[in-house]
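I opened this entry to record what I looked up in one protein model. My notes cover its fold, its charged pairs and its nonpolar cores.

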Amino acid sequence: MNADARRSEKGKGRVASFRGYTELVNLSIELDREDDGRWIAEALELPGVMTYGATREEAISNTERLAIEVIADRIRHGELPASALAIIMRAQ
């Protein structure tokens, strides 16, 4: 699919691929609580994106922030299209 075809499909509820990725990045955040009381949150679709927080909300926020940085880095290096910044994150 060429760039014009990808652009024409945006906004129609379709997702086009780009080098093995989709234009819509949908992340699931898995939460767990450590024995010492800290929360750990992991973005399942982005290996290595895992952070701690003193609270559940802090762990989620830290992981969302790190996920955005990783996605921005992938866009900068041409691994994802710029439209990948349309991100949906769900804590599980």
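The entries below follow the order in which I looked things up.

**Basis.** I worked from a predicted model, in which local features need pLDDT of at least 70 and side-chain atom pairs count only at pLDDT 80 or more, while totals for chains, interfaces and linings use all residues. Residues are numbered from 1 along each chain as its sequence is written, and side-chain values use heavy atoms, with hydrogens and water left out.

**Fold.** I noted two helices and six strands, assigned as DSSP runs (helices H or I, at least four residues; strands E, at least two) and numbered from the N terminus. Read from the N terminus, their order is α-β-β-β-β-β-α-β.

**Surface and contacts.** I recorded an accessible surface of about 5,800 Å², 49% of it belonging to carbon and sulfur atoms; the areas come from the Shrake-Rupley method with a 1.4 Å probe, and for residues only the protein chains shown count as cover. Of the 92 residues, 30% count as buried (buried is under 20% relative accessible area, exposed over 50%, partly exposed in between; 1.4 Å probe, protein chains only). I also looked up contacts (heavy atoms within 4.5 Å): among those with a separation of 6 or more, 35% join residues 24 or more positions apart.

**Salt bridges.** I searched the whole structure and found two salt bridges (a side-chain nitrogen of Lys or Arg within 4 Å of a carboxyl oxygen of Asp or Glu). In one, arginine 38 meets aspartate 36, with the closest N and O atoms 2.8 Å apart. Arginine 38 is partly exposed at 35% relative accessibility, whereas aspartate 36 is exposed at 52%. Arginine 38 also lies over the face of tyrosine 52, 4.0 Å from the ring centre (the criterion is NZ of Lys or CZ of Arg within 6 Å of the ring centre and within 35 degrees of the ring normal).

In the other, arginine 76 pairs with aspartate 73 at 3.4 Å between the closest N and O atoms. These residues are separated by about one helical turn because they stand three residues apart in helix α2 (residues 56-76). Arginine 76 is exposed at 60%; aspartate 73 is partly exposed at 33%.

**Nonpolar cores.** Which residues make up the largest nonpolar core? I listed seven: Leu27, Ala43, Leu46, Val49, Ala67, Ile71 and Leu80 (a core is a set of buried Ala, Val, Leu, Ile, Met, Phe, Trp, Tyr and Cys residues joined through side-chain atoms within 4.5 Å). Apart from this core lies another, of six residues, including Ile29, Trp39, Ala41 and Ile60.
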